[in-house]
Amino acid sequence: MAALGGGGRAAALLRRGPAAALVLGSAPRRYRYKEKWAATAPRIPSTRLALQNFDMNYSLQFKDTWPSIRVSLLSEQKYGALVNNFADVDRVTQELELLNAVDFVSEASQKAQGLQQDSVAEQAEREESASREAPSECQAVKRAETPPPLSAPITSNIKCYTFPRGDVTRFRPARPDTLGILNYYLMDAASLLPVLALNVQPDDFVLDLCAAPGGKTLAILQTGFCGHLAANDVTVSRTKRLHQILNSYVPKQIRETVCVTSWDGRNWGELEGGTFHKVLVDVPCTTDRHSVMEEDNNIFSRRRSKERQMLPMLQLQLLMAGILATKPGGEVVYSTCSLSQLQNEYVIERAIEIAETEFNISTHVEDLSHFRTLFQDTFSFSSDCRLGELVLPHLTANFGPMYFCKLRRV
Ligand SMILES: C[S@@+](CC[C@H](N)C(=O)[O-])C[C@H]1O[C@@H](n2cnc3c(N)ncnc32)[C@H](O)[C@@H]1O
């Protein structure tokens with residue numbers, strides 16, 4: 001202070017922090033705060049920087065709904081309990097049902113069957129009346145109006161329990177069964193939607209390009225369908241965590257069939273192009289909920305600003321690698337846990353364009369709107385996501401954010 005030669009008023013201003021001296025423009029010129037000289041520039045918490053950034057961008061993107069999404073992001077997140085089919089399933093499902101938790105996947109599957117039956121009955125009625133009125137047009141009606149198989153995406157063996165909307169009860173940590181295998185895995189239940197969208201079929205070759213710590217890899221394994229599963233993540237320490245999860249949840253003989261690697265996923269297409277039926281590209285993103293809640297490992301910290309700015313580019317490169325790794329006719333699911341259009345729809349649009357112009361690969365976006373119908377009791381979906389689907393945090397269903405979009409390689 002003495003070195004600055006501060007008088008009483010200036011000293012008081014500086015005690016209140018250099019920012020105060022800046023705001024009060026009346027401070028004599030020599031006492032004004034100069035950022036490049038200040039050894040003790042105020043450290044703004046990364047969580048605050050994240051919130052400022054989101055306020056600026058998301059208030060434009062979501063308009064009137066942003067305050068409610070914001071308050072949900074800042075409130076306690078809800079979890080789902082992914083049942084481990086390799087443990088004692090009957091016992092664990094019984095325990096979870098006794099707690100009043102509901103398997104939202106089987107609930108949606110029942111809903112899909114009901115809707116399917118209704119639409120088949122409606123179609124039969126339409127066909128009958130068409131054949132009465134103009135028998136020759138009957139076949140055309142049949143072809144044009146065959147309902148899409150609603151239940152197809154959720155005929156997996158995945159079971160995940162959540163507490164009903166508005167119920168904020170928390171699950172106990174998972175416990176090992178008699179064989180030492182953990183009975184369920186706690187995760188944001190919305191993280192399961194990209195895996196359900198992947199719609200793994202028996203004997204599919206599946207690639208999980210950014211797999212660690214491994215929640216979605218574990219969910220993919222629960223289908224019991226993979227002919228081959230490759231789980232990759234560039235970060236070696238996080239790949240170790242993936243190994244730990246596989247060790248705690250999956251029996252040795254199944255675990256050994258999973259090929260775990262630590263490659264830079266951006267190069268995957270060059271290494272094993274056109275090989276997989278299904279590819280999950282769950283990219284690094286601004287992890288919006290984490291960024292407003294935790295200082296630790298926060299992408300909004302000043303030293304990570306370059307990395308943050310480069311995220312959309314990295315996401316695009318990873319999605320491109322995912323597309324190149326897919327067989328013709330195969331499918332890629334892209335997902336993030338961010339609300340940002342720049343990291344979601346824009347990445348999809350750009351990837352479709354580059355695949356077409358630079359690799360002569362046509363892709364098209366699959367319609368996932370039935371997810372909104374089937375899962376609306378559990379999640380709150382955005383109604384104006386241009387491409388793919390977006391789960392919005394909501395106080396009564398505080399999951400997400402989770403964006404997912406499915407591309408089919410034509
Ligand atoms: C959102 S996390 C994946 C979460 C994981 N799918 C799960 O469900 O547990 C993104 C991951 O991408 C990984 N990653 C970042 N850059 C990568 C790259 N170039 N190649 C492969 N993985 C990368 C990060 O290490 C991080 O683990």
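A polar side-chain atom of Asp 264 sits 2.8 Å from a nitrogen atom of the ligand, a polar contact (a pair of N or O atoms within 3.5 Å). The protein covers 88% of the 600 Å² of accessible area that the ligand has on its own, with areas taken from the Shrake-Rupley method and a 1.4 Å probe. Please keep in mind that this is a predicted model, where local features need pLDDT of at least 70 and side-chain atom pairs count only at pLDDT 80 or more, while totals for chains, interfaces and linings use all residues. Residues are numbered from 1 along each chain as its sequence is written, and side-chain values use heavy atoms, leaving out hydrogens and water.

**Around the ligand**
- The ligand is surrounded by 22 residues (a heavy atom within 4 Å), and the closest are Asp 233, Thr 235, Arg 238, Gly 265 and Asp 282.
- For Asp 233, a side-chain N or O atom is 2.6 Å from an oxygen atom of the ligand.
- Lys 216 places a polar side-chain atom 3.2 Å from an oxygen atom of the ligand.

- Strands E1 (residues 80–83) and E3 (residues 160–162) pair over two bridges, and Ala 81 stands opposite Tyr 161 in E3.

**The whole chain**
- The protein chain has 17 helices and 12 strands, helices being DSSP runs of H or I with at least four residues.
- Of its 410 residues, 47% count as buried, meaning under 20% relative accessible area (1.4 Å probe, protein chains only).

How values were computed. Buried < 20%, exposed > 50% of the residue type's maximum accessible area, 1.4 Å probe, protein only. Pairing = 2+ DSSP bridges. Polar contact = N/O pair within 3.5 Å; in protein donor to acceptor, adjacent residues only side chain to side chain.
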